[in-house]
Structures are given as structure tokens and as C-alpha cells.
Amino acid sequence: MTATVTSDRPANVTLVKGAMQRWSDLEHAPGGGASAAARTYVEQQLRPDARVALVGPHPLDLITGLAGQVGHLTVFTRSIPDAVLIGNALLECEGTEVVCGSVAHLPEAPEPFDLVIALDDMTRVLSLETEVLDWQEVFDAVRALLADDGTLLLGVENELGLHRIGSLRSRYTSNDDATWSATATFDTGRPRTEAALTGVLADAGLVVRRLGIGLPAWEDQAVIATGTRSFSPQMDTLLAAATLGSAAFRRVGADPTRVTRAAVLSGRLPDLASGWFVVAGAGSGAADEDVATITATTPSGEVVTYTERDGAILTERDGVAVAEPVEVPTGSRLLSEHVLDACAVHDLPALRSLLRRYAGWLAGRPTRTSAGDRVGDIRMDAVLVADDELVALDPGVLRGSAEDAAWEGLADLVRVIRARGARHPWPSATDDRTMMSIMGAMAELAPHPDLEALVGTESREPALPAYDVPGLLAVIERLTETNTALASRAQWFEDRLNTREREMRLRTARHDEELKRVVRQQELLRSSAEDVRRSITYRAGNLLIGPMRKVRDRGGR
């Protein structure tokens with residue numbers, strides 16, 4: 001538990017049974033409405049005079065933004081610290097209130113709401129200060145808030161989504177408070193398929209008006225698609241490109257080089273979405289037209305909507321229709337995916353050819369001439385390859401020269417390689433500036449005067465999750481390569497040491513032999529000297545010479 005005890009609260013906050021004193025959901029990244037695409041989904045359901053209920057944790061700026069667009073807003077949260085924070089943020093907004101506690105244990109039923117929004121699933125609606133309820137019971141309590149002719153906007157996480165398949169962090173095995181939930185363990189009543197979800201809504205007397213999927217992660221649904229069952233091959237290509245090219249995908253940690261791309265190539269990406277977004281209406285009525293639509297958040301925060309009608313794909317950017325429909329060649333793929341394939345197999349000729357094509361394509365793009373010209377997205381994550389043709393998903397003008405645009409594209413490619421933990425044909429110790437210089441030479445670009453400025457933008461990219469499988473695998477691979485190189489150097493030094501050791505041992509052996517030989521010679525000389533001393537000649541000489549020495553010594557004195 002990380003939140004502190006809070007006793008003082010603003011007047012617009014009401015405590016009911018189940019209020020949690022030492023807990024904050026806002027500290028643990030609410031998934032509902034985190035992206036601009038999800039908020040566009042919400043704004044399409046708003047009416048100026050509507051009574052709106054926001055159930056469960058949602059980002060604070062989404063809550064304050066809704067307060068000025070509807071007639072009345074009630075926020076239901078289980079956390080007292082969150083309720084105090086939200087209440088203070090809404091003090092100046094008329095027609096707003098915060099109810100803190102369990103939605104299933106309200107002292108009296110509130111006035112029904114025209115719109116009930118619960119984008120973060122039922123997992124964090126259940127209060128842990130009351131008896132344990134299953135997913136269905138919590139959903140029934142949320143359903144009871146809805147008016148007879150009201151609309152429910154519900155988000156339900158897919159436990160078999162790509163973000164779960166490749167994640168090491170699991171609420172089934174983690175023991176921290178943030179991952180504990182009775183509705184997310186072995187609750188058999190929780191809908192785990194699209195059919196099960198629509199069945200739960202039908203049993204509750206709700207008609208599904210619109211059903212969408214979220215990608216790539218539950219915490220950041222950068223892409224929301226509806227009508228996926230009627231997608232054409234061109235829309236499938238757009239969905240894959242929007243998902244793989246989103247900034248959120250770089251933080252998914254769902255093994256993008258294997259699992260996600262396998263889902264894309266097999267046409268199973270919609271089945272492995274992070275969750276479902278349902279617009280359901282109470283009462284009788286038919287479902288809305290199943291329109292094939294993709295709403296995506298660009299790295300710059302712009303919202304792009306692709307809609308397929310009569311075989312043409314129409315585009316809107318921040319709600320403004322684009323003059324010309326987007327053309328998606330059949331069988332096309334992102335340029336970045338081709339480049340990553342070439343890097344993975346160390347196919348340097350193919351990599352060089354792709355980079356030269358990219359630089360040549362940029363040289364033919366128009367440049368900005370006036371303030372009214374819209375700058376396009378020239379990242380390799382936003383360019384499709386179809387045979388010998390390169391097609392931009394965002395066909396705007398270049399901000400500066402073609403060479404500067406090419407270097408910006410290479411800088412972004414380096415960030416893609418690092419974020420995905422992708423293989424590349426250079427040593428693992430290659431730094432970003434060196435990698436960019438090599439690829440710039442492959443693309444036949446003039447050397448950039450300040451690569452540090454381009455590489456420095458990487459620090460503003462969000463880091464990968466702390467327990468991210470592909471990131472860990474990439475780290476293991478890089479460490480393995482580094483350890484292999486270090487082991488090779490260590491083996492070289494060991495071989496040199498062994499050689500030196502053998503040489504020293506041979507020299508020591510020779511020195512020992514020389515020493516033994518000298519010792520034997522000394523022993524022979526000592527023995528010969530002893531024999532001479534014991535001989536008759538030596539003793540007789542000493543008898544004769546001894547007195548003569550004494551006479552000489554006296555004479556000398």
C-alpha cells in the first residue's frame with residue numbers, strides 16, 4: 001500500500017461502505033482512456049445535457065475534461081486518496097460529485113445515468129474492504145446505474161491479448177497489492193471471449209451498438225478498431241501498420257519480433273487484442289452498422305481515423321477529413337519490418353538496398369514552403385513497401401531537407417531496434433551514434449554534423465517495462481555476445497599464460513639441472529681436496545714446510 005491516510009476531504013466527496021483508506025488506483029496507471037484514440041471513442045457518446053457516471057480508475061485529465069462537456073458528472077472510486085484528489089480537481093466544476101466506496105454497496109440507489117463509462121474493466125471497481133464479489137456481481141452493480149434508455153461504454157481486458165502472452169509480470173504469480181484481484185484470477189463468470197462478452201450484455205438487457213478492439217496494450221490503447229470481422233486485406237494491412245508503428249508498441253514488451261508479427265502474418269491480430277470496447281444501449285433497438293474503422297494515435301498525439309466505405313479508405317485527422325483517400329497496396333508491409341528482417345539475418349546487401357531506396361524516396365518528397373503546409377510522418381514505421389513502391393501512410397511534406405529527414409528516420413529506426421531488442425548485424429557494443437553513421441553510409445548520405453542531437457532524443461522515449469520478456473531476452477543475448485567476446489579474450493590470455501608457464505617450467509628444470517651439475521662438481525672437488533689432505537705427500541710436505549714458514553715469519557718480524 002503506497003497511499004497515505006487522508007482524513008480531510010472536500011465537500012463534493014461522499015464516503016460509502018467499502019472506501020479504501022490506504023490505497024490509490026491512480027498511482028498504478030489506469031488503463032481506461034489513457035490514449036487519445038480511446039478518448040475519441042468516449043467523446044462520440046457525449047451529450048451536453050447528459051448525466052454521466054465514471055466508474056473505476058480513469059486518468060485525472062480525462063475526468064476533468066468530461067466535467068465541462070456534460071450536464072452532470074459523478075465519479076465512483078474505491079480509493080479515499082483518489083477521491084480527495086479528484087474532488088479537489090472538480091471543486092470549480094458545477095454539477096460534479098465523487099462517491100468513494102463500493103458501487104455494489106451504495107446506501108441508496110442514485111438517480112439513473114444517461115451514460116455510464118467503465119473503461120478499466122471491473123477488476124479495480126471491487127472494493128477490498130467489503131465481501132469478495134465476482135466479475136458478474138460487480139458488473140450487475142454497474143449496470144444498475146444505467147437509465148432505461150441509457151448507454152453503457154464498457155472496456156473489458158482480454159486475458160489472452162498479446163500484452164499478456166509475452167509479459168513476465170502476472171497477477172497470478174505476483175504478490176504485490178497492485179496485482180491482486182479476485183475478479184482476475186479463477187473467476188469463471190468473467191467473459192474471456194467476444195461471444196461471452198456479448199452474451200453477458202444480452203443477459204443484462206443491453207443491445208450492442210458498437211464493438212471495438214484495443215491495441216497494443218491495455219494500459220495504452222493507441223489503436224481502436226471496429227468492424228474487424230468485415231475488414232478487407234487493405235484494412236488488415238492498416239491495422240497491422242498502425243499497431244506496429246505506434247509509440248505504445250515500443251513499450252508493450254510482447255515480443256514484437258515473434259508473437260505480434262506472427263499474429264499479423266496469420267491474420268489473427270484482432271483475436272489477440274488487449275481488450276474490447278463496447279457501446280451498449282438499454283431497451284430495444286438494432287445494432288449500429290458494422291463499419292470498418294481504425295482510430296489510431298500518432299506519436300505526435302494526433303488522432304487519425306481510417307474508415308472503409310464502398311471499397312475506398314477515407315481518412316480523418318483530428319476530426320477533419322483528408323481530401324484524398326489513402327491508398328494501401330495489396331500485400332504491402334511496413335518498411336521498418338523489412339529492415340528488421342534484413343538486420344535479423346545479417347543480410348547487408350538487402351539492408352543497404354532498403355536504406356538507399358528510403359533516402360531516394362525522401363529526395364522526391366515535397367518540402368515545406370509555407371506555414372500552412374502539414375508536415376507528414378516520414379518514419380520507417382509509417383511507410384509501406386509494395387514491390388518497388390514506397391507509400392506514406394501520412395503523405396505530408398518534409399519539415400526540412402531530404403537529407404535531414406533521412407537522418408531523422410535513421411534515428412527513429414535506431415530507437416525501434418533498441419526498444420524491441422531486435423537483432424542487428426553489428427557488434428552488441430555498438431553505440432547509437434556509430435550505428436546511425438553506418439546506416440547513413442549505407443544510404444549514401446553525407447555525414448551528419450551533430451549526431452548527438454539526434455541520438456539525444458532517445459532519452460525522451462519511455463523506457464521498456466521493468467519485467468519485459470523481449471527486453472530481457474535482448475539483454476541476455478547482448479550479454480551473451482559480450483561474454484563470448486570476453487571469454488575469447490580470457491582464453492587468449494589463458495593460452496598466453498599457459499605458454500609462459502610452460503616456458504618458465506622448462507627454464508626452472510634447466511636451472512635445476514645446472515644447479516645439480518654444479519653441486520656434483522663441488523662435491524667432487526671437495527672429495528678430491530680431502531683425498532689430497534689425507535695423502536702421505538701432503539702430510540710430509542706439511543712437516544717439512546711448516547718449520548720453514550715459522551722461520552720466515554720470525555725473520556720478517
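**View 1. Tyr-358 and Trp-361 in helix H10.** Tyr-358 and Trp-361 are both buried, a term that stands for under 20% relative accessible area, with over 50% called exposed and the range in between partly exposed (1.4 Å probe, protein chains only). The two residues are 3 residues apart in helix H10 (residues 348-363), and are therefore separated by about one helical turn; helices (H or I, at least four residues) and strands (E, at least two) are DSSP runs, numbered from the N terminus. The model is predicted, so local features need pLDDT of at least 70 and side-chain atom pairs count only at pLDDT 80 or more, whereas totals for chains, interfaces and linings use all residues. Residues are numbered from 1 along each chain as its sequence is written, and side-chain values use heavy atoms, with hydrogens and water left out.

**View 2. Aromatic pairs.** Rings of Phe, Tyr and Trp (its six-membered ring) pair if their centres lie within 6.5 Å, and planes under 30 degrees apart count as stacked, over 60 as edge-to-face and the rest as tilted. By this rule there are 6 aromatic pairs. Among them, Phe-76 and Phe-113 are edge-to-face, at 6.1 Å centre to centre and with 85 degrees between the planes. Because Phe-76 lies in strand S3 (residues 72-77) and Phe-113 in strand S5 (residues 113-118), this pair ties together parts that are 37 residues apart in sequence. Phe-76 and Phe-113 are both buried.

**View 3. Arg-539 in helix H15.** Arg-539 lies in helix H15 (residues 536-556) and, at 44% relative accessibility, counts as partly exposed. Leaving aside neighbours within four places in sequence, Arg-539 is in contact (heavy atoms within 4.5 Å) with Arg-533 and Arg-534.
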